[in-house]
Amino acid sequence: FFCDNLLPNENIMNGNLVQLLSQGKMIAADVGCGTGVALIEMARRFPKAMFHGFELSKQAISAARKNVELSKLSNVRIFDVSETAMPPSAYDFVFCYDVLHDCSQPGILIKQVKEALKPQAPFVIVEIECFKDVSENIHHPMAESRYGFSLGLCLQSGCSEQGGMGIGTCGLYPERLFGMLRKEGFKNYKVFQVEQLKGQNCYVAR
C-alpha cells in the first residue's frame, strides 16, 4: 500500500524515492514501527535497501521481530529504542506513521530523527487530517470516532509521562507540526494529501 501510493509521490524527493530504494542506495528507518507491517512491506518490495524499525512497546517489538522472522527477509531489523538509539547521520529516509500525536513529547522524537538523517534526507510523516479551528474538527464526518479514539487511547498515551503534551487524535494540525519541525532544525516542510490515504495528512520535511 505505502509502496504504491505514498512513496512514489512527487512531493518526496521529486518522485525519485522508489527508484533510489530499488537501486539499493538507501538505508531507511520506520520510527514507531509497531508490529512491523509497513516496514516489512517496504523491505519486501525493495530487497536491495536496508530497513530499520524503531519501537518502544515491548509487545509490539516482540510481534515485529516474529513477523520479520516469518517473512524470512534479511534486509530488515527491529530495535528497542529504550536500548538502541538511532545513530547520527545514518539514514537516507525516515518514515513515521500516525505516531507523533501519540507521543508525550513529540519534539524530542523529531529532534532525534533530525539528528539521525543524512543532510537533506527526507522525513516523511503521516498524521490524522485535523484543523487548528476546533469547530472544523467537531463537524468532520469522522468526529465521533476520532474523539472516541482520542479519549480511549491517544490522549492517554500523550499524557503517559510527567509533563506530557496530550495532543490527542485531532491536535496535531499542520501549523502546529510545522512549528515543531522548524524548532528542531528542519528548514523545508510541506503538507500534501494522497487520494488512497483519505482522512490523513502527509508531510515531508528536510
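Select Lys-58 and Asp-80: the two form a salt bridge, with the closest N and O atoms 2.4 Å apart. Lys-58 sits in helix α4 (residues 58-71) and Asp-80 in strand β3 (residues 76-80), so the pair links distant parts of the chain, 22 residues apart. Asp-80 counts as buried, because its relative accessibility is 4%, under the 20% cut-off. The model on screen is predicted.

Next, select Asp-92 and Lys-118. Their side chains meet in a salt bridge, 3.2 Å from N to O. Asp-92 is in the loop between β3 and β4, and Lys-118 is in the loop between α5 and β5, so this pair ties together parts 26 residues apart in sequence. Asp-92 is buried, with a relative accessible area of 13%, whereas Lys-118 is partly exposed at 31%.

Then go to Arg-45 and Asp-4. Here too there is a salt bridge, and the closest N and O atoms are 2.8 Å apart. Arg-45 belongs to helix α3 (residues 37-45) and Asp-4 to helix α1 (residues 2-5), so parts 41 residues apart in sequence are tied together. Arg-45 counts as partly exposed, at 41% relative accessibility. The structure holds three salt bridges.

Now select strand β5, residues 123-128. Six of its six residues are buried, so the strand is mostly covered. Strand β4 (residues 93-97) runs parallel to β5 and is joined to it by four bridges. To see how they line up, select Cys-96, which stands opposite Ile-125 in β5. Follow the chain from β4 through helix α5 (residues 106-116) to β5: this β-α-β crossover is right-handed.

β7 and β5 pair in the antiparallel sense over six bridges. Within this pairing, Val-124 has Val-204 in β7 as its bridge partner.

For a stop on the surface, select Val-134, Ile-138 and Tyr-147. These residues form a nonpolar patch, with about 260 Å² of accessible area together. Val-134 lies in helix α6 (residues 134-138) and is partly exposed, with a relative accessible area of 47%.

Finally, show the whole chain. The protein chain has eight helices and seven strands. Its radius of gyration is 16 Å, close to the 17 Å that the globule rule gives for 206 residues, so the chain is as compact as a globular protein of that length. The C-alpha trace spans about 45 × 35 × 30 Å along its principal axes. Of the 206 residues, 49% count as buried.

Definitions and conventions: Residues numbered from 1 in each chain as written. Predicted model: local features only at pLDDT ≥ 70, side-chain atom pairs only at ≥ 80, totals over all residues. Heavy atoms only, no water. Buried < 20%, exposed > 50% of the residue type's maximum accessible area, 1.4 Å probe, protein only. Helix = DSSP H or I, 4+ residues; strand = E, 2+ residues; numbered from the N terminus. Pairing = 2+ DSSP bridges. Right-handed = clockwise from strand over helix to strand, strands pointing away. Patch = residues over 30% accessible without salt bridge, like charges linked within 9 Å, V, L, I, M, F, W, Y side chains within 5 Å. Areas by Shrake-Rupley, 256 points an atom, 1.4 Å probe, with all protein chains shown as cover. Salt bridge = Lys/Arg side-chain N within 4 Å of Asp/Glu carboxyl O. Rg over C-alpha atoms; globule rule 2.2 N^0.38 Å.
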